[in-house]
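Please read the points beside the coordinates.

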Amino acid sequence: MNQKFVIFTVGRVVLIEAALLVLPLAVSLLYGESCALDFALTIVVALGVGSLLSLLCRGKHGDISIKDSFMVVALTWIVLSAIGALPFVLSKEIPAYIDAFFETVSGFTTTGATILTNVEALSRGMLFWRSFTHWIGGMGILVFVVMLLKTTDRSINILKAEMPGPTMDKLAPKSRDTAKILYLLYIVLTVLEIVFLLFGGMSLFDSVVHALSTAGTGGFGAYNASAADFSPYIQWVLTAFMFLFAVNFNLYYLLLLRRGREVLHNTELKVYLAIVFVAVAVITIDILPLYKTFSVSLRQAAFQVASIMSTTGFITADFTVWSPLSKMVLLGLMFVGGCAGSTAGGLKMSRVTILCKMIRRELRHTLRPRMVDVIKVDGRPLSEQTAHSVAVYFALYMMCITGLLVALSFSPFDLETNLFATISCFNNVGPGFGMVGPLGNYSPYSPVIKLFLCAGMLLGRLEIYPMLLLFVPAAWRKK
């Protein structure tokens, strides 16, 4: 491992976190809140830690391997969460550090799982910081770093390690330009959502907080009822943008280049649209007797499908009282997630598509052993290496979920609660069923179990490999 590069980069990211903490500090000062001092103290800590790490390891760092990039990603997300939890603890709005760490990890990984029983008791500065962690983690803090710093073009390895999906496409020849394009699209969509929410009569603060959470597909809001008390217009706006942020950002770039035909022929997008349409239709018909009118049923179904599939986690209804059919549809969407290259969590639509094509190929190969059947995606042959990596990832994905469920089985809660806490945290969804349903939270779990759930959230957001590498002794050895 290139230890100097890893430590130096982590230090630079911590310095950037110190700069980002100025925004919630400003919000606290604007509303005259005492937590402004706590943000200021956290900034001082971040500046001290970041400066120390950067100064100790400055200079030439040599070659950057994919292993180094994975280590940077894993360590950065842990350190960011550890420091980002300090304002909650210092302000005593979340007194226990483990609880604050859980809330912060949930924020940065865009999970939206919370230990808070009364969100509305938080100060405006803390509410903003919670949602802002979603926005930072949605696109990825290291994508932001690549955009700002003069890194070598081998920093594309950092983007590959942090951006979700089986492959990482460069939108521009240089990785720095790719990061700029991604963040520009991200900012434009976020601003658009704020404008639409303002048109619906929502206050500026609430519009910003909910837009940041939607953009990062996280789900932290400002109210205990989440989005249940919002007007139908606001709920439809949130639905539309949850849907949009779960689409591969590369497709938006193609639209800007007027390459709409490629977008329309994108296999992942077509599968995504088909699943959304079918899920909304099935749930709408299924819950129609419960809500009496078609318009309300459609709105509730569309909102929850968009929320669960994009892994945002906003709620407008207690879907635990829906029929088993609707709950099974939502359970399936928790696993599937959004598209690769989006801010959504889950297995990703591209992997699901490839896995289905691989199963079909194996079935056809069983009938005709000598037949050569090449898997194609978007009309192009899929390399066997990519297909193999998807299969291995799926195996690891199931093993990690199983392992996390075993760890949670030591808690005193029922199987349903532990199962959905595992699935929800690993897929970065947030709400589940049982005790962690729309009306519940994760506060009853012990500190040890909360740390396991934090590990699950990080594993899911970083797609397993960077976090697993931390436990491989060979990864820590110098080159």
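**Helix packing and ring contacts**

1. In the contact of helix 18 with helix 19, Arg351, Ile354, Leu355, Met358 and Arg361 of helix 18 meet Glu384, Ala387, Val390, Ala391, Tyr393 and Phe394 of helix 19. By class, the residues of this contact comprise eight nonpolar, no polar and three charged. The model is a predicted one, and the remarks below should be read accordingly.

2. The geometry of this pair may be stated as follows. Helix 18 spans residues 349-367, and its axis comes within 10 Å of that of helix 19, with a crossing at roughly 105 degrees. Angles of 65 to 115 degrees count as roughly perpendicular, and helix 18 and helix 19 are therefore roughly perpendicular to each other.

3. Helix 19 (residues 384-408) also packs with helix 20 (residues 415-426): their axes come within 9 Å and cross at roughly 135 degrees. The two helices are therefore oblique to each other, and their crossing is right-handed. On the helix 19 side the contact involves Tyr397, Cys400, Ile401, Leu404, Leu405 and Leu408, which meet Asn418, Leu419, Ala421, Thr422 and Phe426 in helix 20. Nine of the residues in the contact of helix 19 with helix 20 are nonpolar, two are polar and none is charged.

4. A further pair is formed by helix 1 (residues 3-20) and helix 3 (residues 35-56), which pack at an angle of about 155 degrees with their axes 7 Å apart. Because angles over 145 degrees count as roughly antiparallel, helix 1 is roughly antiparallel to helix 3. The crossing of helix 1 with helix 3 is left-handed. Helix 1 contributes Ile7, Phe8, Val10, Gly11, Arg12, Val14, Leu15 and Ala18 to the contact, while helix 3 contributes Ile43, Ala46, Leu47, Val49, Gly50, Ser51, Leu53 and Ser54. The contact of helix 1 with helix 3 has 11 nonpolar, four polar and one charged residues.

5. How many aromatic pairs does the count give? With ring centres within 6.5 Å as the criterion, the count comes to 28 aromatic pairs. Ring pairs join Phe108, Phe128, Trp129, Phe132, Trp135, Tyr183, Tyr186, Phe196, Phe241, Phe245, Phe249 and Tyr252 into a cluster.

6. Arginine 124 lies over the face of phenylalanine 205, at 4.6 Å from the ring centre. The charged end of arginine 130 is positioned over the ring of phenylalanine 220, 3.8 Å from its centre.

Notes:
Residues are numbered from 1 along each chain as its sequence is written. This is a predicted model: local features need pLDDT of at least 70, side-chain atom pairs count only at pLDDT 80 or more; totals for chains, interfaces and linings use all residues. Side-chain values use heavy atoms; hydrogens and water are left out. Axes are lines fitted to C-alpha atoms, for helices over the stretch in contact, and angles run from 0 to 180 degrees between N-to-C directions. Helices (H or I, at least four residues) and strands (E, at least two) are DSSP runs, numbered from the N terminus. Angles under 35 degrees count as roughly parallel, over 145 as roughly antiparallel, 65 to 115 as roughly perpendicular and the rest as oblique. A crossing is left-handed if the near helix is turned anticlockwise from the far one by less than a right angle, and right-handed if clockwise. Contact means heavy atoms within 4.5 Å. Ala, Val, Leu, Ile, Met, Phe, Trp, Tyr, Cys and Pro count as nonpolar, Asp, Glu, Lys and Arg as charged, and the others, Gly among them, as polar. Rings of Phe, Tyr and Trp (its six-membered ring) pair if their centres lie within 6.5 Å; planes under 30 degrees apart count as stacked, over 60 as edge-to-face and the rest as tilted. A charge sits over a ring if NZ of Lys or CZ of Arg is within 6 Å of the ring centre and within 35 degrees of the ring normal.
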